[in-house]
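Reader: I have a model open and want to learn how to read it. Where do I start?

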Amino acid sequence: MHSNLSRRTFLKYTVTGVGLTIAAGLTPIGLRLANATGGEDKQPLDFKPNAFIEIHPDNTVTVLVGQTELGQGSHTGLAMLVAEELEADWKLVGVRQAPAAEEFKDPFMKMQITGGSTSIRHRYDLLRKAGAAAREMLIQAAAMTWEVPTAECMAADSRVIHKKSDRNMTYGELSLKAAELMVPQDPALKKASLFKIIGTHRERFDIPAKVEGTATFGIDITVPDMCIAVVAHPPGYGMKAESYDSAAAKKVRGVLAVHPIESGVAVCAETLNAAFDGRDALNIKWSSGSHPNLDDKTVEKLYYEAIKKPGAVARNDGDVNLALGQASTQHEATYFLPYLAHATMEPMNCTAYIAKDRCQIWAPTQTQTGVQAAGATISGLPPEKVDVITTYCGGGFGRRTETLVVVEALQLSKALGRPVKVIWTREEDFKNDFFRPGILCRIKGGLDAEGRLSAWSHKVASSSIMSRVFPQFVKDKIDPSAVEGITDMDYSIPNVYAEYVMLEMPIPVGFWRSVGNSSNPFAVESFIDEMAHLGRKDPLEFRLGMLKSNARGRRVVEMLAEKSAWGKPIKKGQGRGMALRTSFGSTVGHVVEVSVDKTSGQITVHRIICVLDCGPAVYPDAIRAQMEGGVIFGLSAALKEKVRFSKGGVLTANYDDYPILTMSETPEIEVHIVKSDEKIGGVGEPGVPPVAPALGNAIFDAIGVRIRHLPMTPENVLSAIKRA
Amino acid sequence: MISLNVNGQGYQVDVPSGVPLLWVLRDYLHLTGTKYSCGIGECGACTVLIDDQIERACTVPVQDVNGSQIITIEGIAKNHPVKRAWVLEQVPQCGYCQSGQIMQAVSLLKDNQNPDEDEIIAAMDDILCRCGSYPRIKRAIKTAVELQRKEG
């Protein structure tokens, strides 16, 4: 079947390639492919593509990628998908960061966004098909050139070969001829057993520049005539600048302008140090704010009050009250998790220039669509006249799906009529973060006479991310991100009831690596462990008993048992704990080995064994890196992290009062990838959720004390020991 | 005017006294490989070598290094064993902290040709990575030691 693209004009194609360009799109009627080679007589496409690959006359292959390379290795992984099916010589394959455009929106999320661990899994079929289509066209072009049947030609290492006549041509030589051919709509994909690139070791494209110090991050952007701005943000929620000394700031050498914006007071200067000095001279008097008494104690108090209120029902299987009534053992526990900061190493920044008929934005961002929309709104220009240049990002973890700093740069450029780079200080970055919400979970469980988990009643109170970010996803007072991990537990339990209390807080909350999966599984997997111990069952066997209809989960747990030598004695004084969680399409289990100094409350984590089933493992080294990073991210949160509040605002200001995990605290991490034919899953986030509960369960195994209050600082561990 | 020697090159910079070396490197000399992250000497992203000692450029007033030999990431040769080991072990994720990590590792190997695991951890423990590249940093330093040994 071939597609005819001659008439309808749903989309004006905007990327011009030299040689052969293939567009691929996931449409409501299935995957579509098109020959999108540019030129005078180029045809408009009749579907919206989500990806493009280019085969150039110089024999190189370029994959255009709309998603952001955050260090997760997705740019390289996406190129691997194309190269595999194209039979390309890996040395000739590269990627180009695409601009913000309709064409590069995620086929499922309908936004150009890098989140939800989706970059590879949402393009696994799409890019392989695009590569396969190009391969078939190149073979056809060669067969036509040599006047031989296509079946006699084969492709390998960026060449088409005709063995019979001992002839071959490179893809570059064939690209112009192939560009004149129709695209096969259903090219054959290779069998996984024939993969030569997928599943193999590759070096990441972005690493050499990051090692040389030449990779351009947002903060490194310089454009002609640019000035630099810092913004003094209010020190508390709802505060406004009542007065400030603009004249004093302007006296500072190099200060160009003082400009109030919605989010604070900006000082624009020729250099950053001048902007800092100008800001310090402002002497701002702030109004008293909306919640002047907000501090750590009141935050927790609000949670404990909220959990008493009736919530919205998020899940109701069977009859939990009846099952609890009939249970031979009943148990209840409460878990509290604090607000967490992203603490990306590169603080928020953005460079923007609103000119008369064009707007340019240079941003380390996870949301090209959000940045472009902000540009269009503030400049008054249509989105297609807003250019988004995505830079490397010094960490993302969800933080860069927010656009406040982009808005600030745009507002200032509009006011000053020149390019402006806004840089937040580390302190501004902590104090104005969109935090991982604190949560409080209260769970009641029941075991039947055989010690099986028969009832699970779960109430969760937390502030809502979706209500602000994507209110359309909030239905019947349920924020789906606040109940993930509870409504979609890995285990089969006959009677499950879940209730959500949406807490109104002045503290803004946002996506933080694995979102609700970063918090709820701590409560769920800790409580599972508590119930196993109450029923005198081995926690791993107890879980297997509830995974009878979850083959993927069962395999991960079984491999975890084998790799951790579960059941065999552990070193004296150490404890071992496990946890499991399926999120973002992948199933991950960890076993943590730990020891606890009962006098100081100090925890030492010796080893973490991680087992992952992500379906086809496209780029194993990047997957391992994401598991290592996810484990460390999760361990850092579990052991150390907590945002502090005081006087109606954020007290936490820098890494000295928000310590993150260091090398000496990092255990040995073993990653095992299950060989799997399951559906492809994500890898950026799923390593995080099981860390905290596996650690808590290991501590219980070591000293018989439950930690239900994060972080597991020596102070919190000691108070748990005292209470026990 | 302040005289600076960075990566073997002399510069005359018109910058007010008290400005941290970090901003002078980045904004005046356009050597942006050295990164800003905390501004208080807590994270190590801005680590440079000053007269062979590791320093946090965000806490060094520029006038204090008048006449000193400053080495930044741009001044470490591409074929330096540490840089090669960083590629071999695929260390960086986001990469933002890596200039500082590499500078600190270069300094470690200058002082100690064959550090053991504990010495590596002690030398690298005060430099933060939010992506969690620590296991690979450790491995890369061991690889760099091997490269150095093989090549004398």
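Author: Start with the words. Helices (H or I, at least four residues) and strands (E, at least two) are DSSP runs, numbered from the N terminus. Two residues are in contact if their C-beta atoms, placed from the backbone, lie within 7 Å. Axes are lines fitted to C-alpha atoms, for helices over the stretch in contact, and angles run from 0 to 180 degrees between N-to-C directions. This is a predicted model, where local features need pLDDT of at least 70, side-chain atom pairs count only at pLDDT 80 or more, and totals for chains, interfaces and linings use all residues. Residues are numbered from 1 along each chain as its sequence is written, while chains are lettered from A and ligands numbered from 1 in the order in which they are written.

Reader: Which strands of chain A does helix H1 lie across?

Author: Helix H1 (residues 74–86) of chain A lies across E3, E4 and E5 of chain A. Its angle to E4(A) is about 135°. Helix H2 (residues 124–146) of chain A lies across strand E1 (20–27), E2 and E3 of chain A, at about 145° to E1(A).

Reader: How do I read the sheet itself?

Author: Strands of a sheet pair through backbone hydrogen bonds, either parallel or antiparallel. Here two strands pair if DSSP finds at least two bridges between them. In chain A, 5 strands form an open sheet with mixed pairing, in the order E2-E1-E3-E4-E5.

Reader: Why is one side of E2 and of E5 in chain A left without a neighbour in the sheet?

Author: Strand E2 (30–35) and strand E5 (93–97) of chain A are at the edges and have a single partner strand each, so one side of each lacks a neighbour in the sheet. On average, neighbouring strands of this sheet are turned by 20° against each other, direction ignored.

Reader: How many bridges join E3 to E4 in chain A?

Author: There are 4 bridges between strand E3 (residues 51–55) and strand E4 (residues 61–65) of chain A, and the two run antiparallel. A:Glu54 stands opposite A:Thr62 in E4(A).

Reader: What makes up chain B?

Author: Chain B has 5 helices and 5 strands. From the N terminus, the elements run β-β-α-β-β-β-α-α-α-α. Its C-alpha atoms fill a box of roughly 45 × 35 × 20 Å along the principal axes.
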